[in-house]
Amino acid sequence: MRKQNSNAGRGVVGAVIVAGCFICAFVQYSLLPLDAHLVDVHSQVLPTKHEFVKEKPATVTRPLAKDQLQLETLRNTTSTKIPHYYTVFSTSCSPQQDWESFVFFFHAMQVKQPGSVTRILSGCKDFEEKEQRDFYERYIEPMGDFHVHFTPSYSKLHLAEGAPYKYSNKPYGLLHWFEHALGLNSTSNILAASGELLDGIVILMDPDMILLRPLQHDFTDEHVLWVENEPVSKIVRHGHPIAQHDGYLTNQWMSLPLNFTKPFDRDGPLHWNSGPPYMATVKDFYQLTLKWTSWLPKVLQVYPKLFAEMYALIFAGVELNLPFTFIRSIVVSDPTAGSKREGWPFIDALTDEELCNVPESAPMPIALHYCSRYMIGKNFFSKYRLKKNIMDCDKALILPPAIDVYPRYSFTVNVPLANGRDRDTYQEEHTPFSSVQEARRQAFMVCAMTAKVNEALVYIKERACNGTANFNKTYSVYDDPSNTR
């Protein structure tokens, strides 16, 4: 990223590319049928320029005799030691995901997330990679056991022509990280790896998530909401991954014309319709990722739409017979969700006065997933509508909502277009909320997201702007709708 000097207005970050969260993008891509255009990523030679900030595995690997190479019998029990945590999230090389990533790192530091935290960064050009390395070394590396792992772009690997499927970066970038950062590159290599490494916990999150407290593998004493009354396991261990129960997916994957064995229970919502965060041991997650990258081209052939990569992960779990145990309340995301989706019961239990001033003692979800847009009155938050260069020193902080934004407002006000095309025709319109519950949830998210992003912006500007930073909390998407300047 571009170095900051004493000249006001020089940016902390550089290049401009647009990207977004894979699970909650609401614009579907119209992809061409893949048949003859499929590319086998396992046959691709990775560009040698893509180096990476390498993490230190828990221990080095050791060879095993050939007669020991039986994956099914490998370490059926998990060590009682606290495992090493590998929290990872996948992004493209874009200014939007630059600020999202910094906000992620900042709050991982604030809550003292255990283990290492890694941004898997795909598709940077040479000059962008240089900027990213410089920014990492100056501002992220000092924050903790934090890393950036560079990979090629995988968003165009499956189409020789037509629109790419950009969310391919997630499984293939993760596979690149497993192979190059942790040194796992074959079944034999997995079996030769140390037990301590394989017992480690991989936590795959999205960049547009903010940790409110540490996310760990043992939920025995955690105040969370389970999908099942009696979950099979409350601890992530070999053969027992845990994930957020996804509210967007349906059982449509079960009817896709693909050759697979139906899961034993055939109940998608109960064990298979998984969403981030995903948590599994290193051993299990690496095997899932190998199958995930194998299934994605097949799924795209018959389902070239949004969520294809999520369905591909489901097929990987089904093939390996690795059903997830689901928690409803790891995140909150969609304010219109029902009471059995996400961690909204915690927010619904707050008083009106607590929505924008949450007591430290109040039970909360573990993270915020800001993949939707949040609005109440003229207060508006959307990752797509914030300025891409919001970390620049001359850019103001976000205007916070009034502490009583609810119940002051029971409606939303439409926001002018980012491209300015309605500059001469815009008319203010009020849209009432469908329920008091939705209004309260919207107020919570607007207040929480504004505060959390501002906290991270203050931190970076204090360190990068040499006394020239704009700390005024005056930026409003409603009053300044352009997201490009």
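**Close-up 1. The disulfide between cysteine 356 and cysteine 447 is right-handed, because the torsion about its S-S bond is about 60 degrees.** The loop between helix H9 (344–348) and strand E10 (367–369) holds cysteine 356, while cysteine 447 sits in helix H11 (residues 436–464), so the pair ties together parts 91 residues apart in sequence. In this predicted model, the S to S distance is 1.9 Å. Cysteine 356 is buried, at a relative accessible area of 19%. Cysteine 447 is also buried, at 10%.

**Close-up 2. Cysteine 393 pairs with cysteine 465 in a disulfide.** Cysteine 393 lies in the loop between strand E12 (379–381) and strand E13 (397–398), and cysteine 465 in the loop between H11 and strand E16 (473–475), so the bond ties together parts that are 72 residues apart in sequence. The sulfur atoms are 2.0 Å apart. The S-S torsion is about -90 degrees, so this disulfide is left-handed. Cysteine 393 is buried, with a relative accessible area of 0%. For cysteine 465, likewise buried, the value is 0%.

**Close-up 3. Cysteine 93 and cysteine 124 form a disulfide.** Cysteine 93 belongs to the loop between E1 and helix H1 (95–111), and cysteine 124 to the loop between strand E2 (116–122) and helix H2 (126–140), so parts 31 residues apart in sequence are tied together. Their sulfur atoms are 2.1 Å apart. A torsion of about 95 degrees about the S-S bond makes the disulfide right-handed. Cysteine 93 is buried at 4% relative accessible area, and cysteine 124 is buried at 5%. A search of the whole structure finds three disulfides.

**Close-up 4. Strand E4 (residues 201–205) is largely enclosed by the rest of the structure, because five of its five residues are buried.** Ile201, Ile203 and Met205 point one way from E4. Val202 and Leu204 point the other way. Strand E1 (residues 85–92) runs parallel to E4, joined by five bridges. Here phenylalanine 89 stands opposite methionine 205. Strand E7 (residues 274–281) pairs with E4 in the antiparallel sense over four bridges. Methionine 279 in E7 is the bridge partner of isoleucine 203.

**Close-up 5. Serine 329 lies in the loop between strand E8 (325–327) and strand E9 (331–332).** Serine 329 is buried, with a relative accessible area of 1%. Its side chain reaches the backbone nitrogen of leucine 225 at 2.8 Å. Beyond four places in sequence, serine 329 touches several residues, among them Val224, Gln244, Glu342, Phe346 and Pro365.

Conventions. Residues are numbered from 1 along each chain as its sequence is written. This is a predicted model: local features need pLDDT of at least 70, side-chain atom pairs count only at pLDDT 80 or more; totals for chains, interfaces and linings use all residues. Side-chain values use heavy atoms; hydrogens and water are left out. Helices (H or I, at least four residues) and strands (E, at least two) are DSSP runs, numbered from the N terminus. Buried means under 20% relative accessible area, exposed over 50%, partly exposed in between (1.4 Å probe, protein chains only). A polar contact is a pair of N or O atoms within 3.5 Å; within protein, one must be able to donate a hydrogen and the other to accept it, and residues adjacent in sequence count only if both atoms are side-chain atoms. Contact means heavy atoms within 4.5 Å. Two strands pair if DSSP finds at least two bridges between them. A disulfide is a pair of cysteine sulfur atoms within 2.5 Å.
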